[in-house]
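Take the fold as a whole, then follow its charged side chains.

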Amino acid sequence: NHEDEILYYFLAQAHLKSGEFDAADRAAARGHRVEWWSDLPFVSRGAIDLYRGDSPAALENFEQAVWRTPQSGAITSLISTASFLDGSEAALARLKKLVGYKLGFSVPILSSGQLQLEMGQVDEAIASGEQAYYWEPVNSDAAILVASGKRILGYDDEAERWYTNGIEANRFDPNSYTGLAAIAQPKGDWGTAIGWGWTAMLYAPYASGPVVSLGDTYAAQGNVKQALATYQLATEIAPLDDKAYIQLGNLYLTLGLAPIVVPDYYPAATARSAPPRSGAAPAEPIDPDTLAAAAFQRGAELQVQTNEAMLGLGHFALAEGDLPGAIAQFEQAIGFDPHDGAALVALGKAYQRAGRTDEALATLQKAVVQDPGFTAARDALANLYLLQARYPEAEAVYRATLLAMPWQPNGYLGLARLLEKQGRAAEAQPLYQAAAA
């Protein structure tokens, strides 16, 4: 059938996942000739631009897709690309300007809610998700957004109900199952968590996301051998997806730092391994540090609008005692994504370790402004003020955290400890109670 733009869309996606960018371009162009008003060719072209590292061109294509179809799946890509280029607030303004009155559609309001969640506006995000869901009860992403917000607020029972709503809306969406797995993990219910993880893989066998999520579950359980094998499977399912390589690197880095014994995976060649069984042939040496560096490097080669691999290389340099190298990697990560709070916090702490206090302070202050929903930025800034004995400034940061994110225990704990340190135990006690609640 040479007259179906949907087939050309899937053909372009297949070429893209195989790294055949020119062939993907040709498929998208054919789809556009078949149906010039369809959003799908622009979605494909935008995705191709992202893999080529041309975010401005990608944004233009995604805008064309959304202009044609306000319910287009390109909205999510448009939001992430605009956030990467201009920051979250500018991305939200761009979305509202682009769709205008069409915000009455479920997909635009859902995308607004997802961005609000990233910005730390949890209550607003939940309201947007609920609105999108009630307009379109078959929209599983809306139910998942509400569930994610409820989890952040600590309402796991309500989150579980919303994830179930997501499954009822679309049982083939793996994100509902991975959400349920995440709820089971803190309870120590590993059987349930792993079961939900496998269910997600069952319904999305060719997507790397559910596989990486299952690997995260194994890693949290302490089942290192299975986690490594699962991450490796993810790299085989989606060899152009950087996330699996980044998680592999993080796990290898942890193994290289921790005195952990994994006899079946780490042979006697490493200092941390158990001696070989009697009569067993010695296995080949496996150096977790070398594997961590290789995994992060591969992730850096593949990353699209994410600096996680650069961050991983920075943390690896810190573990190796190379503070200047770590600072260089973190600076590169911020150059790649200047709005990322994690990179700014990592650089601020590295500056602090290097004795560059003024730069550390300026970087952490910027992190709070650029990524207000990232609690680690506020914690790091307050801690630096404490080290400088600037107690009023530290108290102001903690109180601002309480106002911005009252559901997070960090602000209560930090402020309570500060007040206790100043001999204000009576004021600290209710804050400890609030944190525990």
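A salt bridge here is a side-chain nitrogen of Lys or Arg within 4 Å of a carboxyl oxygen of Asp or Glu. The model is predicted: local features need pLDDT of at least 70, side-chain atom pairs count only at pLDDT 80 or more, and totals for chains, interfaces and linings use all residues. Residues are numbered from 1 along each chain as its sequence is written, and side-chain values use heavy atoms, leaving out hydrogens and water.

The chain has 24 helices and zero strands. These are DSSP runs, numbered from the N terminus (helices: H or I, at least four residues; strands: E, at least two). Of its 437 residues, 48% are buried. Buried means under 20% relative accessible area, exposed over 50%, and partly exposed in between (1.4 Å probe, protein chains only).

Seven salt bridges are counted. Glu-395 pairs with Arg-424 at 3.4 Å, N to O. Glu-395 lies in helix H22 (residues 391-404) and Arg-424 in the loop between helix H23 (409-421) and helix H24 (425-436), so the pair ties together parts 29 residues apart in sequence. Glu-395 is buried at 15%; Arg-424 is partly exposed at 26%. Shared partners join Glu-395, Arg-399, Arg-424 and Glu-427 into one salt-bridge network.

Glu-308 bridges to Lys-243, with the closest N and O atoms 3.0 Å apart. Glu-308 sits in helix H17 (residues 308-319) and Lys-243 in helix H15 (residues 242-257), so this pair links parts 65 residues apart in sequence. Glu-308 is partly exposed at 31%, and Lys-243 is partly exposed at 29%.
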